[in-house]
Amino acid sequence: MAVKPIPAPDVAGGVDSGHTLKRGAIGLAGVVFMVVAFSAPITAMTGNLPVAVGFGNGLGAPAGFIIATVVLLVFSVGFVALARHITAAGAFYTFVSRGWSKIPGLPAGVLSMFTYMTMEAGLIGIFSAFADQAFTTQFGVDLPWIVYAALCLVVIAALSHWDISVAAKVLGVVLIAEIGMLTLSAVASLIHHPEGMSFTSLNPVTALSTNGVAGGVVGLGLLMAFWSWVGFESTAIYGEESKDPKRIVPRATIIAVIAIGVFYTFIAWGVIVGNGPAKAVELASGTTPFEMLYTPAEQYLGHWAVTVFEWLVLGGSFACALAIHNSAARYLFAFGRDGLLPRRLGEAHPKHASPWIASLTQSVFAGIVLIICAVSGADPYAVLFVLVGILATICLLIVQTMSSVATVVYFHVKKQHPETASWWRTLAAPILGGSGMVYVIFLMASNITAAAGSASETLFFKMIPYIVVGLLAVSFGLALYWRKARPDLYERIGSTIFDDDQIDHEPIK
């Protein structure tokens, strides 16, 4: 297996080991852990679920996760078909560049890279808010949130300096703990069920109405369900470092989508049943929405469970930030290795074979964003985390739609790998999945103000549409300019893949 770049004027001779990430560093379980940690189950349940229940589709929120699971699973069918033949740290950037064209490939890469780079700061923001709450209530320690943010940033930078297996082990421990606690709470709620064991919340039809929630918006409830999956596609980012990317990336993607969907649905159902539908809506729409999760835990397990939850929420947000950091670093690494950003970003550590320079660069970038937030007086949770989450979700949905187009073009227009092509796997599924992504973009656009809450009054919120359109327009324009005036740069877009198949070394246009 070797890294094979498409020849460019100053990339002759291939990519040496100094630009190759550590091969075989993680197996199937490691990739799944990275992806599930990215989705941050405990953060999704404490942050997104109350919004869906209190302001969206009420007791239909669990069924909303079922709908999201089906849509994302259909999308993943085409996604993994492409992943079997294209392996690179750039994931969507390389998929769209080689599957479709370099012109949309550059915007796909820019949007993905920008998304992950900004998301780390957002997750460190919510980590800081959780840390401040935990240390204040349990130890009486009251420190500025930026202190917790700085500590989190330093630890993430240190863990990411080594190869990916180190981060995967840390994430695995945190993930098992939070999944275990959430499951224990949900099981206790379902056993006691104060108003009876109701299965209504699991009926997909229920997700399509507000179920009596005053001022509820169905679209907002469904949006929260889809939002909770952000990061599942990052399986492809770790293909270059996995033991058998052709098998591991597709399997990890499908396992992650199904496992996350089943888990979210089960926990959400347990929360609704444990509180009772009316009480769940009341708590979710109140001033302390976290109580929707904490109340049944304390009632059926004891106060110790709430204390554990407070620390696990902290650990979950840290794990998510760590996973996002690694994704961002690999996008910077891919752009540096292709020569579209400074080449030093594409250097691997001589001992650990990690993207260490890209990782340090990402840490500096996240630190700058956090400092700006602190200086401006913005709330690290209500403003930074929420708005970065909205911006990131929009960008990734656009890129996922582009990836669906790339799958169809790669297999049915360019006629690549006919042994994989089929009417369902590489045609119908990508079309249906891409259409689903477009619908979720519509949901996001229609409910963006409600999703932002109090942060909708900020300048950052008002700039979101301009940021997305600007990134798309500038990167599209740059790709077109390079094709005409700088063909050497144009040929480098998505040029490096990690493959054990004999590939065509002619540029794919």
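How many helices and strands does the chain have?

1. The chain has 17 helices and two strands. Both are DSSP runs numbered from the N terminus, with helices being H or I of at least four residues and strands E of at least two. The radius of gyration is 22 Å, close to the 23 Å that the globule rule gives for 509 residues, so the chain is as compact as a globular protein of that length. That radius is taken over C-alpha atoms, and the rule is 2.2 Å times the number of residues to the power 0.38.

2. Before going further, keep in mind that this is a predicted model: local features need pLDDT of at least 70, side-chain atom pairs count only at pLDDT 80 or more, and totals for chains, interfaces and linings use all residues. Residues are numbered from 1 along each chain as its sequence is written, and side-chain values use heavy atoms, with hydrogens and water left out.

3. Now the chain as a whole. Its C-alpha atoms fill a box of roughly 70 × 50 × 40 Å along the principal axes. Of the 509 residues, 61% count as buried (under 20% relative accessible area; exposed is over 50%, partly exposed is in between, with a 1.4 Å probe and protein chains only). The accessible surface comes to about 18,300 Å², and 69% of that belongs to carbon and sulfur atoms; the areas come from the Shrake-Rupley method with a 1.4 Å probe.

4. Take contacts between residues at least 6 apart in sequence: 83% of them join residues at least 24 apart. Contact here means heavy atoms within 4.5 Å.

5. On to the inside. The largest nonpolar core has 157 residues, and L49, W229 and I390 touch the most other members. Such a core is a set of buried Ala, Val, Leu, Ile, Met, Phe, Trp, Tyr and Cys residues joined through side-chain atoms within 4.5 Å. Leaving out residues up to four places away in sequence, L49 touches A44, A61, F65, A268, V271 and M292.

6. Setting aside residues up to four places away in sequence, Q400 touches F75, F92, F232, E233 and M437.

7. Follow α14 (380-413) towards α15 (424-452) and you reach the loop that holds K415. K415 is exposed, with a relative accessible area of 58%, and has a positive phi of about 60 degrees although it is not a glycine. H417 lies in the loop between α14 and α15 as well. Phi of H417 is also positive, near 45 degrees, in a residue other than glycine, but H417 counts as partly exposed at 21% relative accessibility.

8. I254 sits in helix α9 (residues 245-275) and is partly exposed at 26% relative accessibility. Beyond its neighbours within four places in sequence, I254 is in contact with L73, S76 and V80. L472 is 218 residues from I254 along the chain, and their C-alpha atoms are separated by 29 Å.

9. Compare that with G212, in the loop between α7 (164-192) and α8 (218-227). G212 is exposed, with a relative accessible area of 75%. V281 is 69 residues from G212 along the chain, with 9.7 Å separating the two C-alpha atoms.
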